[in-house]
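Hi everyone, thanks for making time this morning. Let me put the structure up on the screen, and then we can walk through it together.

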Amino acid sequence: MSSRPDTSVSLVQLAGALAIGTIAVLMVGVQPILLGALVEAGHVSLEGVGIVAMAEIIMLGLGVVLGDTLLPVARLRLITILAALCAAALDLLTLQAVGDGGMAAVRAGAGLAEGVLIWGTTGVIVRTAQPARIGGVFFVLQTIAQALLGLALANAIIPRWGWPGGFAALGLLALLPCLLAFVQPARLSPLAPPAISGFRWSAATLQPLAVVFLQLAALGSFWAYLEPLGQAVGLDARAAQTLVAAVLVMQVVGGIVAALAVRRLPLVPTLVFCSMALAAVTATVHQLPAGGVRSFSIACAAFGFVWLFMLPFHIGLAFRADPSGRLAGLVPAAQLLGSALGPLTASFMVEGNDASAVPLLSVAFAMAAATLALLTRTRRGAQPVRILP
């Protein structure tokens, strides 16, 4: 058995798998809208919003890990259908949840089901001939779908049907993977076992996941507090919303550029550069005086570009440490956990409405990621940097 992933996935099967994964992460992109509507309606407290959001994202990551550890790749179609039904049922059960604890429990369950769906999509991606490039396409599709759903929620669904309409729409969308399961591969071929691939858990194999975790923690901590940071330099609510939309556009641009360039750029230097760019952007924001709206907007645009630009390189970094693809399958889990625990750490640095210290935390996360990325290069010695297995 070869240590290289099977690359026999057809274009139609790949499209089905990417669509399933895109639907699975819709809630991550529209959380601010739906949770904000819950707060406004009095169903969740302002203090509880962070708990609800973090519970779902953490369980998303754990769903990927549990899928990789426990679920049989030969039953991908059945697993996809069951996970989609569970996600849809929990989206509808959200309409009956009461209080911060009840809402957090229901959304955590939904996150677990969504994580299993992402596990299936990632399993397909790592078995393609160009996993890093396909990963870049997947990240762009996620962002576009989340932006479109966000527009529909904000301008049509919630104004007419309120927050219950939002979660009902999410539940209906979650049923689509039941149909798409018959488009994606029915099963996944097993990856090479450690005895053949040579994979084993060690500091060297954990380092890529740690780099991914730290970079997403840097992103997540800054993104979670972008609005109060913007208000501190003089943005009003409407300007802040416009800026968020602009950042999403720059994310799409960054993802498209990365999908085209991921095979041409050196892996570790690119990730180190991205970390340094994140550190520079967030350090700049920390030093901005009141009234520095233009500089803040430019910094956020650069932040959005780097965000999606660097994500495909995470898959390449994982393949570099483990050509069998086993480690690459855990990249989404590291990304999700980093994006959840980054804001949690940042919350301890916020005093009232003052989030001015948060960019410094992002700087620290980004610099730590750059250091670890350089160490992965040192461990590999003079071996060439490759994106593809």
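This is a predicted model: local features need pLDDT of at least 70, side-chain atom pairs count only at pLDDT 80 or more; totals for chains, interfaces and linings use all residues.

Let's begin with charge: the protein chain carries 19 positive side chains and 13 negative ones.

What about the inside? Of the 389 residues in the protein chain, 52% are buried.

On to the overall build. The protein chain has 15 helices and zero strands. Along the principal axes, its C-alpha atoms occupy a box of roughly 60 × 45 × 30 Å. Why do we call the chain's dimensions consistent with a compact globule? Because a compact globule of 389 residues would have a radius of gyration near 21 Å, and the protein chain comes in at 20 Å, which agrees.

The contacts tell us about the fold as well. Take the contacts in the protein chain with a separation of 6 or more: 87% of them link residues 24 or more positions apart.

With that picture in mind, let me show you two individual residues.

Is T282 buried or exposed? Its relative accessibility is 1%, and the cut-off for buried is under 20%, so T282 counts as buried. Setting aside neighbours within four places in sequence, T282 is in contact with F222, P359, S362 and V363.

My other pick is L14, over in helix α1, which covers residues 11–24. L14 has a relative accessible area of 10%, so by that under 20% cut-off L14 is buried too. Which residues does L14 touch, not counting those up to four places away in sequence? They are V9, V124, T128 and I134. For a sense of distance, look from L14 across to A168: these residues are 154 apart along the chain, and their C-alpha atoms are separated by 28 Å.

That's my tour for today.

Key
Residues are numbered from 1 along each chain as its sequence is written. Side-chain values use heavy atoms; hydrogens and water are left out. Helices (H or I, at least four residues) and strands (E, at least two) are DSSP runs, numbered from the N terminus. The radius of gyration is taken over C-alpha atoms; the globule rule is 2.2 Å times the number of residues to the power 0.38. Buried means under 20% relative accessible area, exposed over 50%, partly exposed in between (1.4 Å probe, protein chains only). Contact means heavy atoms within 4.5 Å. Lys and Arg count as positive and Asp and Glu as negative; His and the chain ends are not counted. The place of a charge is taken as NZ of Lys, CZ of Arg, CG of Asp or CD of Glu.
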